[in-house]
Amino acid sequence: MNFSSAKSRINALVSYKKDIKLSAYDGLKGALFAVKDNICTLEFETNCASNILKGYQSPFDATCVDRLKSQGSILVGKTNMDEFGMGSSNIHSIYGPVINPISSHEPRVAGGSSGGSAAAVAGGLCHFSLGSDTGGSVRLPASYCGVVGFKPSYGRISRFGLVTYANSLDCIGILSKAVQQTRQVYQAIQGKDDLDPTTIDLPTGPRLEKMNKIRIGVPQEYHVDGLSSQVLKAWSKTLDVFESLGAEIVPVSLPHTKDALSAYYVLAPAEAYSNLSKYDGIRYGTRAPTDANLYEDTRSLGFGKEVKRRLLVGSYVLQSQEISRYFVHAQKVRRLVQTDFDQVFRHQNPSHDNSFDGHVDAIVTPVSVTSAPTIQEAKNGSFNPYVNDVFTIPASLAGLPAISVPVIDPVRQNDTDDAIRGRQPIGIQICGQFGNDALVLDLAQSLEHALIQEETR
């Protein structure tokens, strides 16, 4: 598949180098990668899929891009996304919706907001891609498109060069077709960066030695209304695989999961309201043709409906008479969500002192309540995009490492286009304690290997 035909079919790439084809590569050297349109690059414009940044050319590469280039990887293009990362279906973009390459009859969403990055990998346009994950924006598209999607611990990968949505939540994430390649990319781009003061140096953390020493937690609060039978089947299958490998499966309780979604949709819009205030027609991006109402006209013309909706929410919850009622309360809920995780994990959270006596090494949950809905369902409102983040947001609020692994009908390296189009994958999430990124990747790789072996029997 060439880039031109892919652009018209799945709309995953918004800018790209022509006449580049996938070929053999060694490790990261020679590997082709694409990055989300909110990650700055010298070679391509960075528009965040928004009219307000149309035509913006960054004078530098983001740290993650620079580090990959230093390893010999080749940047091939920028990927479509929900405008400024606000969305979970990738239909809120000036470039139009991303079409899931695994759609069979009706076009299906690729997930958002990093839908273009997931679709580019699933559609064979690059070997791996980078996205950004604020509340699930890497893991949800990975689940829908049948690829691996990894969100590291907050601060593990530099955000320098990432156009900010919500500072305290944003993470650079990795999408690929295999956990091992995800690990290679992660190792290349993680680490302290003097250009990003939120990056941290952490020890590697525990690794997987013997599966019979691993205890997997299953939170009872994740059995929510609307959980599809297909997703429940994939979840049960995953737990059976881990149990067959020797892990112990135990129930756990994360009681504030039910409040996480509401807290997120207060905190993220509030931070976005602050971060996007600089787009005023004077300092950055698009400028309205008239100076009479420059600020109002610029933002009315430049931002799409979903961005305006979230900015209005952010403006409201930060008002002096409402900030304690909403924003401060949401911050307290966020801490409770983090404490829930600290109380069940065996390993201590290195970001702060705690004396909890947890007992599990990882938590395994679904990524979404259903498989990918159709584009029509996403547009006509019969599908609620906000509720579908219910499983991914808690890990984001706590800053934990989490990965989506395709469990039912995963896309494999040698799949033909026809085989890809006939699949409807389901991703399962493995989440670990803050800083335990290596253990999460180890468990994901063990699961992936067991699933491949099961397929070849």
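This report describes the salt bridges of a predicted model.

## Basis

The model is predicted, so local features need pLDDT of at least 70 and side-chain atom pairs count only at pLDDT 80 or more, whereas totals for chains, interfaces and linings use all residues. Residues are numbered from 1 along each chain as its sequence is written, and side-chain values use heavy atoms, with hydrogens and water left out.

## Salt bridges and a network

The structure contains 17 salt bridges (a side-chain nitrogen of Lys or Arg within 4 Å of a carboxyl oxygen of Asp or Glu). A network of salt bridges links Lys17, Glu43, Asp61 and Lys69.

## A buried pair

Aspartate 133 and arginine 139 form a salt bridge, with 3.0 Å between the closest N and O atoms. Aspartate 133 has a relative accessible area of 0% and is buried; arginine 139, at 0% relative accessibility, also counts as buried. Buried here means under 20% relative accessible area, exposed over 50%, and partly exposed in between (1.4 Å probe, protein chains only).

Aspartate 280 meets arginine 283 in a salt bridge of 3.1 Å, N to O. Aspartate 280 is buried at 9% relative accessible area, while arginine 283 is exposed at 54%.

Glutamate 306 pairs with arginine 309, their closest N and O atoms lying 2.2 Å apart. Both belong to helix α9 (residues 305-317), where a spacing of 3 residues separates them by about one helical turn; helices (H or I, at least four residues) are DSSP runs numbered from the N terminus. Glutamate 306 is buried at 4% relative accessibility, and arginine 309 is partly exposed at 41%.

Notes:
Helices (H or I, at least four residues) and strands (E, at least two) are DSSP runs, numbered from the N terminus.
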